[in-house]
Amino acid sequence: MRFIFEGRRLVMLGLMLAALIGFMKAAVAAPAQETGAGAQSKAQQVKAAPDYAALAALLEDPKSRAVLIKELQRLASEQPTAGSGNTTPKTSATATLASSMAVDTLSVFHTVHDGGIKALVQFNRLLHIDPASWDWSAVGENVWRMALLFVFAYGSWLLYGRLIRPVLVRLDRWSTAASARQHLLRLCLSLTLIGALGLLGLGVIFITGNFLSATLAGDSEPALWRQTLFLNAFVTLEFARLVIGLVLTPSYDGLHLFPIKADQAKFWMRRSSGLIRFLGYGLMWLVPVVERTWGIDAAQSVVWTLAVVGLIYALHTVFSQRRILRDALLPMAERHPNGMISWLLSALAHTWHLLAALYIGMVFLVGLTRPTDALPFIARATGYTFLIIAGALLLSAIVVQLLGGEVRLKEHHRKRVPLLERRLNIYLPWLVRAIRLVILLVAIALILSVWHVTNVFNWLGTNPGQQFLSAVFDVAFILLGTLFTWLVTASLIEIKLNGVSDHMPSARMQTLLALFRNVVAIALLTMAVMMVLSELGVNIGPLLAGAGVLGLAIGFGAQKLVQDVITGVFIQLENAINTGDTITVGGITGTAERLSIRSVSLRDLNGTYHIVPFSAVEVVSNYMRGYAYHKAEYRIAYRESIDEAITYLEAAFEELKADPAMRGKILEPINIPGVTELGASSVNIRVMIKTTPGDQWAVGRAYNRLVKMHFDAAGIEIPFPHTTIYFGEDKSGKAPPVYVQNLGGKPGAAG
């Protein structure tokens, strides 16, 4: 919310500066209209009467003559020859953006270079002019008029400020007493009213000042022209100070647009007012008066003096305050909850003086390259810059508000598509960053265009610019389309995997869907990369051919890998293995935990994890298909009745069926084929119980327990191995006597 308030404040500041631009246009146009006829007659006089004395003085001085010769030689070298056409560098239809910017930058430096040489020549001519030839009487005749008009203007302005001070105090209290939600509204209304009162006072002073100026000038047209210039400069500059005062308001804490300390506000108000008055009165009043009184050489010398002094003063002010403003911005960056805004504030804290120096240098170049309309151009460009920055910040804040928050899906959507919310929270921040980057680039391009550094939008109208825009939009469409397709496909697969209407898909379907999702991801990524490279002008034909050759080489060098993949594809198509099945592959029995296109991962009964490549699989034994059997052979002694034993086997099965834990795992009645073998020490009877797949082992363990219990209760012997000891016999057939000792009985007892 605080970020939105700051954006609104910047928007209001931009609107104020836009009003300043319109007012300055009117103020500058007024003296031009009033003195148009006089300026035209003066220009005709200058054209009709060249300054031959200055030209003679220039040619007499060896240094000036050498400079003039070099300048003429340079102009001759730049003059186009016959048939060559205009040699002025222009941006052709096939020029790149870099070449266009280079041409614009080169023209600026050429203008500054030419202006510097011209200033040196003019200053040199000015030094060789006799001051006695100047008309000093005109200066003395008009000093008292200008002094009186100056006292009237600023005296009235100070008096008006005293009169409206109670209103400002009440507005300060009214804005301070507002709640947090109403503070911005009251602040805007208060500043608007203060601005209106300031405009009203300036308007009254301007009108009364013109009446006073006409009275003081009488019939003297030059005096009226100078006084009108002063009044226009006064109104324009004081309006600029009024706008700056509305931003800083050093004397009223409740009317601050920005959180700035009172001493800092007073410092910047004092420094900016001094610079505005120095440059404003110099360019809008002093330079025209000097030019009309003493000629163009003196005027240009004044312009260069004002520019250099103003540049030094402004740079000294900025660099003297760089630590103070940095220490004020860093705590704001640390407290701000938004990471991006915090980073921007931190970067601004360490670089604001460099940005300010760049702005001051740009203003200096503008003043030198276009001295006739420097001040209106600077004010207009500054106002538009503030509007562009405010609009960019506000638009960025709107994008963050709409797309920057964390996505929270409804509970039933999270259950059906559990990974969609996480994916959206990964992709949306990148989308927001991309949109904000576009806003930043457009804002920079607009600012460069406003300051006439280079016009990116004109270049975008050329063929290379159109191709660049087409490539950008195509790449963005490809990326967004790929991302949208992936989100839709992955979501549909997850919906199938998580079941629809409480019907879960089979294990085979889950395995195939997981593999299909991986295949789709790889295919989309490959297609997107190839299409983007094609849009960027990369010939993907050699890449595709190289990929084919590389794939062939890999196929020869990795035959096992190819065999793994091919065998794995057919195993999956034949539904031989699914995740969770108990299988035997490659001589290893265990539960399939993971299936890929190349291998199967098993965990055996000991907990060991095995990865078996499909190339090593010759036979797949799956214990989880359709049904299973508990097949076992139960042994009884030869002396037992077979029919009685079968009866007790059936009784054990009936008890097993009555067990609730086993009832659902048994599919059919017990099947007893009969005696399968007459063994060395037992009669073997086979039993088969049909069960659900994977439950044959649990059913078998439970049945074995019941069989043992029933056989024990019936006295049926389950034979176990017996050992017969043979002691041998003599020729008569009698066995030798055997000595037997009872170690466990009582002493003397017979063994």
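These legends accompany close-up views of a predicted model.

**View 1. An open sheet of five strands.** The strand order is β4-β3-β2-β1-β5, and the pairing is antiparallel. The edge strands are β4 (609–613) and β5 (620–622), each pairing on one side only. On average, neighbouring strands of the sheet are turned by 40 degrees against each other, direction ignored.

**View 2. The pairing of β2 with β3.** Strand β2 (residues 588–595) runs antiparallel to strand β3 (residues 599–603), over four bridges. Arg594 stands opposite Ser601 in β3.

**View 3. The aromatic pair Tyr154 and Phe234.** The structure holds 12 aromatic pairs. In this one, the ring centres lie 4.9 Å apart and the planes meet at 80 degrees, so the pair is edge-to-face. Tyr154 sits in helix α6 (residues 137–176) and Phe234 in helix α8 (residues 221–248), 80 residues apart. Tyr154 is buried, with a relative accessible area of 13%. Phe234 is buried too, at 0%. Ring pairs join Phe150, Tyr154, Phe230, Phe234 and Tyr281 into a cluster.

**View 4. The aromatic pair Tyr623 and Trp697.** This pair is edge-to-face, with 5.7 Å centre to centre and 65 degrees between the planes. Tyr623 lies in the loop between β5 and β6 (628–636), while Trp697 belongs to helix α23 (residues 696–714), so the pair ties together parts 74 residues apart in sequence. Tyr623 is partly exposed, at 31% relative accessibility. Trp697 is also partly exposed, with a relative accessible area of 39%.

**View 5. Charges over rings.** The charged end of Arg433 sits over the ring of Trp430, 4.8 Å from its centre. Lys690 lies over the face of Tyr627, 4.1 Å from the ring centre.

Technical notes:
Residues numbered from 1 in each chain as written. Predicted model: local features only at pLDDT ≥ 70, side-chain atom pairs only at ≥ 80, totals over all residues. Heavy atoms only, no water. Pairing = 2+ DSSP bridges. Helix = DSSP H or I, 4+ residues; strand = E, 2+ residues; numbered from the N terminus. Axes fitted to C-alpha atoms, helices over the stretch in contact; angles between N-to-C directions. Phe/Tyr/Trp six-rings, centres within 6.5 Å; stacked < 30°, edge-to-face > 60°. Buried < 20%, exposed > 50% of the residue type's maximum accessible area, 1.4 Å probe, protein only. Lys NZ or Arg CZ within 6 Å of the ring centre and 35° of its normal.
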